[in-house]
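Colleague: I am new to this structure and would like to understand the words used for it. Could you take me through them one at a time?

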Amino acid sequence: MSSETTVSPQVEPKIPLCRENVCNDCTRETDVIFESIDHIRYGGHVRLFENYGGFRPAGMEGERLDVEIVQMPYHSPVLRLLLAFMHHDQPQPSVASVDIYTLRAFADAAQKHEIFPAIQVCKLQMEIHIPNHPLIVFSYAARYKYRDLLNKAAKFTIDSDFSVLEKQFGSDNSRDALYAWFRYREGWLELQKASRREPRFIQHKKNSYCEPSAWVAFHAEVLKAFGESLSTLAEATNIVARYEHMLNGCDKCLARSGLLKTTLDNQLDRIKYASCSLFLV
Ligand SMILES: [Zn+2]
Ligand SMILES: [Zn+2]
């Protein structure tokens, strides 16, 4: 590949083939060159691409004598995907093995140029990346107001530091998305507060065999299992249930632990109802 960026008007640059560089089986002639910011050139088809904004060579009208090189603001993996997806009559490439950063750039470019099949593919692929890159998916979903995706990703972001979150947002709607995130996370902070509150003591009968130390040990284990992270609390009621055997079957202590489970369940329901997108303006 050439690293030349300027071409003498006397020397026609060689147009790369589409076949194998962009589309495996494309037999169309190439009549325009698109160059990525890392100086990789791809052949394209003026007529096929003319309806996509940004892919129309400036000198397209009238008689064109020179082959035009259209500079594109994308790295080569992104540009190659864009060109491939604009072949509406060719099999589209898989994005399954595309890394998250390329996928994000490709998704933004697909939105900008309104390449609808690519937009859909990106959205589906972004969802797969939620567990490993929740903040990237969250900010992408916020940018395009994909509420379902936003809510799915939000659950994975609640333990993030604000400074890290802030870095993900660079667009104009960042304030809205950050506000929505704060409001959503507030529900989890409430849950954390509730998880740390000890439920009230329930009076035992005088001849009860219950050892008060059993409750103390049980509650200490539960608090330890809750830990410091908010996301662990998604399983808060199950965690409580897991340690109830330590209460040695005492119905009063079990009722007390039931109070804790009810409080946690109610707050988890509130979180489920008040999804993140609800706060998105
Ligand atoms: Zn082609
Ligand atoms: Zn008891």
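Modeller: Read along the sequence, the chain of this predicted model follows the pattern β-β-α-β-α-α-α-α-α-α-α-α-α-α, with 11 helices and three strands; helices (H or I, at least four residues) and strands (E, at least two) are DSSP runs, numbered from the N terminus. Residues are numbered from 1 along each chain as its sequence is written, while chains are lettered from A and ligands numbered from 1 in the order in which they are written. Because the model is predicted, local features need pLDDT of at least 70 and side-chain atom pairs count only at pLDDT 80 or more, whereas totals for chains, interfaces and linings use all residues.

Colleague: Why is E20 called exposed?

Modeller: A residue is exposed if 12 or fewer other C-beta atoms, placed from the backbone, lie within 10 Å of its own, buried if 20 or more do, and partly exposed in between. E20 has 10 such atoms within 10 Å, so it counts as exposed. E20 lies in the segment before strand 1 and has a positive phi of about 75° although it is not a glycine.

Colleague: And why does N248 count as partly exposed?

Modeller: N248 has 14 C-beta neighbours inside 10 Å, and therefore counts as partly exposed. N248 sits in the loop between helix 10 (236–243) and helix 11 (251–273), and its phi, near 50°, is also positive. Most residues other than glycine have a negative phi.

Colleague: What makes a group of residues a nonpolar core?

Modeller: The term means a set of buried Ala, Val, Leu, Ile, Met, Phe, Trp, Tyr and Cys residues joined through C-beta atoms within 7 Å. The largest one here has 48 residues, of which L82, F106, A110 and L150 touch the most other members. Its largest share, seven residues, comes from helix 2. Apart from this core lies another, of 17 residues, among them W188, L233, A236 and V240.
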